Amino acid sequence: MTFIYFIAGLLAASCFMCLYRIGHGPTAPDRSVAIDIFGTVVVGFVCLSAVVLRRDFYINLAIAWSLVSFIGTLALSKHLEGRRFDE
Amino acid sequence: MSSNMIVGYIFITIGAIFDFFGCMGLVRLPDVYNRLQAATKCVTLGTIFILAGTAIVTADPAISIKAGLCAVFVLITSPTGAHALARGAYLSGVKLWERSVVDKFKERAEEIKSQRGEAK
């Protein structure tokens, strides 16, 4: 099962590239895009954990993370547009 | 290893490779809109492949149904979030890359800005 480490390494490299863009992004929308993509990559990582560690509840974490990440993305985009949250 | 585990791990590997190249596009491309389209499309497909691989490897109906539900959520929410982010980025005044050739949102964005100026 050595190639599990290969897959986990690919996903960890993806996470670190997103973190690079969050840190170095020249503008605020760059950082917001990276946060959105980071949430989606982490959903895949949590599902890989569910397979490798054989724990069922990680799938529930993946569902919850995808929904929370979506709401965060919408809030960030509305903030970027310069609107208030109750409009 | 049984056959369903082999097929499922192949799916998971394809998904991880798609995620990796999507995030490479996030680092390498020149402006917000290029980064957004590269990363969103690749990472959505890759995550759905990983979820399908999870459903195939475990072969447990309780997990497979949840994985399919999560795949539907990702398939709906990820393009919606990307669309909202692109609109927010344009209206917040981020310029396109200087070698971009077409800008179809320009007139509509000016309309939106003038309407908002009247409202204030």
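## An exposed arginine in a loop

With 9 C-beta neighbours inside 10 Å, A:Arg54 counts as exposed, because a residue is called exposed when 12 or fewer other C-beta atoms lie within that distance. In this predicted model, A:Arg54 sits in the loop that joins H2 and H3 of chain A, and its phi is positive, at about 55°, although the residue is not a glycine. Most residues other than glycine have a negative phi.

B:Ala59 is exposed, since 12 other C-beta atoms lie within 10 Å of its own. A positive phi is also found after H3(A), where A:Gly82 follows the helix with a phi near 85°.

## How the two chains meet

The contact between the chains involves 40 residues of chain A and 44 residues of chain B. On the chain A side, helix H1 (3–24), helix H2 (28–53) and helix H3 (57–81) each supply at least two of the touching residues, and H2(A) gives the most, with 15 residues. Sorted by class, this side of chain A has 24 nonpolar, ten polar and six charged residues.

## Helices side by side

Two packed helices are described by the angle between their axes and the distance between the axes. H2(A) and H2(B) pack with their axes 9 Å apart and at an angle of about 10°, which makes H2(A) roughly parallel to H2(B). The residues of this contact divide into 16 nonpolar, seven polar and two charged.

For H3(A) and helix H3 (residues 61–91) of chain B, the axes come within 9 Å and cross at roughly 10°, and these helices are therefore roughly parallel to each other. Here the contact is made of 17 nonpolar, seven polar and four charged residues. Within chain B, the axes of H2(B) and H3(B) come within 9 Å but cross at roughly 175°, so that H2(B) and H3(B) are roughly antiparallel to each other. The contact of H2(B) with H3(B) has 18 nonpolar and eight polar residues, and no charged ones.

## Two helices in more detail

Helix H2 (residues 32–58) of chain B has 27 residues, and the distance from its first C-alpha to its last is 38 Å, close to the 39 Å expected at 1.5 Å a residue. Of these 27 residues, 22 are buried, so H2(B) is largely enclosed by the rest of the structure.

The 25 residues of H3(A) should span 36 Å at 1.5 Å a residue, and the end C-alpha atoms of this helix are 37 Å apart, which agrees. Among the buried residues of H3(A) are A:Tyr58, A:Ile59, A:Phe70, A:Leu76 and A:Leu80, together with A:Ser66, A:Ser69 and A:Thr73. What covers the buried residues of H3(A) includes H2 of chain A and H3 of chain B.

## The nonpolar core

The largest nonpolar core has 54 residues, of which A:Ile37, A:Val41, A:Cys47 and B:Leu51 touch the most other members. Both chains take part in this core, for H1, H2 and H3 of chain A and helix H1 (3–28), H2 and H3 of chain B each supply at least two of its residues. The largest share, 14 residues, comes from H2(B).

When neighbours within four places in sequence are left aside, B:Ala84 is in contact with A:Thr73, A:Leu74 and A:Ser77. By comparison, the C-alpha atoms of B:Ala84 and B:Phe18, which stand 66 residues apart along the chain, are separated by 23 Å.

Methods. Residues numbered from 1 in each chain as written. Chains lettered and ligands numbered in written order. Predicted model: local features only at pLDDT ≥ 70, side-chain atom pairs only at ≥ 80, totals over all residues. Contact = placed C-beta atoms within 7 Å. Helix = DSSP H or I, 4+ residues; strand = E, 2+ residues; numbered from the N terminus. Nonpolar A, V, L, I, M, F, W, Y, C, P; charged D, E, K, R; others polar. Axes fitted to C-alpha atoms, helices over the stretch in contact; angles between N-to-C directions. Parallel < 35°, antiparallel > 145°, perpendicular 65-115°, else oblique. Expected span 1.5 Å × (residues − 1). Buried ≥ 20, exposed ≤ 12 C-beta atoms within 10 Å, placed from the backbone. Core = buried A, V, L, I, M, F, W, Y, C linked by C-beta atoms within 7 Å.
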